[in-house]
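Begin with the salt bridges, then step back to the fold.

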Amino acid sequence: MEQPDHYSVLGVAPTATHEEIKRAYHALSRKIHPDRQPAAGASSGDVAFHQLSVAWEALGDEARRRAYDKQQSARRNKARGVVQDEIDLDEMAFDEDARTYTFPCRCSGSYSISEDDLGLGRDIAPCTDCSLKIRVLYEAVSDDSGGGDGAP
Ligand SMILES: [Zn+2]
């Protein structure tokens with residue numbers, strides 16, 4: 001079973017202060033503590049209380065909260081397939097045979113984008129081995145941009 005977002009368990013915004021989180025935790029724990037639930041159907045209360053405890057453990061401590069925030073944003077970025085980095089086209093290696101630009105990824109795979117993709121105005125190079133992507137920085141150069149000496 002997946003633990004819901006700690007902030008939503010506590011009913012606070014991710015930007016909430018430590019005091020707000022603490023208040024929310026104390027208010028909720030009084031409300032849903034298993035000892036206060038009627039015996040019948042207590043199990044759902046137990047689950048809620050457990051989730052609340054886990055959420056408070058993660059967010060009640062500044063260092064743990066920062067770690068959790070980082071983990072959450074990494075998870076969101078992964079889900080969105082966010083751009084990991086921006087690399088200048090000049091820094092990428094060009095594979096003459098495949099007509100493809102590549103750049104080493106930290107996973108030991110490599111980002112790759114073909115000349116055709118660039119020609120179509122695409123600038124996102126996904127890694128071949130993992131879910132990371134980079135944005136390729138380049139200046140669009142059109143073939144017919146003469147040096148200026150060619151008369152119209
Ligand atoms: Zn990779």
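In this predicted model, a network of salt bridges links Glu86, Asp123 and Arg135. Glutamate 86 lies in strand S1 (residues 83-88) and arginine 135 in strand S6 (residues 133-137), so the pair ties together parts that are 49 residues apart in sequence. Glutamate 86 is partly exposed, at 46% relative accessibility. Arginine 135 is also partly exposed, at 29%.

The whole structure holds six salt bridges. One of them joins glutamate 19 and lysine 22, at 3.9 Å, N to O. These two are three residues apart in helix H2, so about one helical turn separates them. Glutamate 19 has 42% relative accessibility and counts as partly exposed. Lysine 22 is partly exposed too, at 31%. Another salt bridge pairs glutamate 96 with arginine 99, with the closest N and O atoms 3.4 Å apart. Glutamate 96 is exposed, at 54%, while arginine 99 is partly exposed, at 37%.

Return to helix H2, which spans residues 18-32 and includes histidine 18. Which residues does histidine 18 touch, beyond those up to four places away in sequence? They are Trp56, Leu59, Gly60, Glu62 and Arg65. Histidine 18 and glycine 60 are 42 residues apart in sequence, yet their C-alpha atoms are 7.0 Å apart. Histidine 18 is partly exposed, at 26% relative accessibility.

Now the overall fold. The protein has five helices and six strands. From the N terminus, they run α-α-α-α-β-β-β-β-α-β-β. Of its 152 residues, 26% count as buried.

Terms used: Residues numbered from 1 in each chain as written. Predicted model: local features only at pLDDT ≥ 70, side-chain atom pairs only at ≥ 80, totals over all residues. Heavy atoms only, no water. Helix = DSSP H or I, 4+ residues; strand = E, 2+ residues; numbered from the N terminus. Buried < 20%, exposed > 50% of the residue type's maximum accessible area, 1.4 Å probe, protein only. Contact = heavy atoms within 4.5 Å. Salt bridge = Lys/Arg side-chain N within 4 Å of Asp/Glu carboxyl O.
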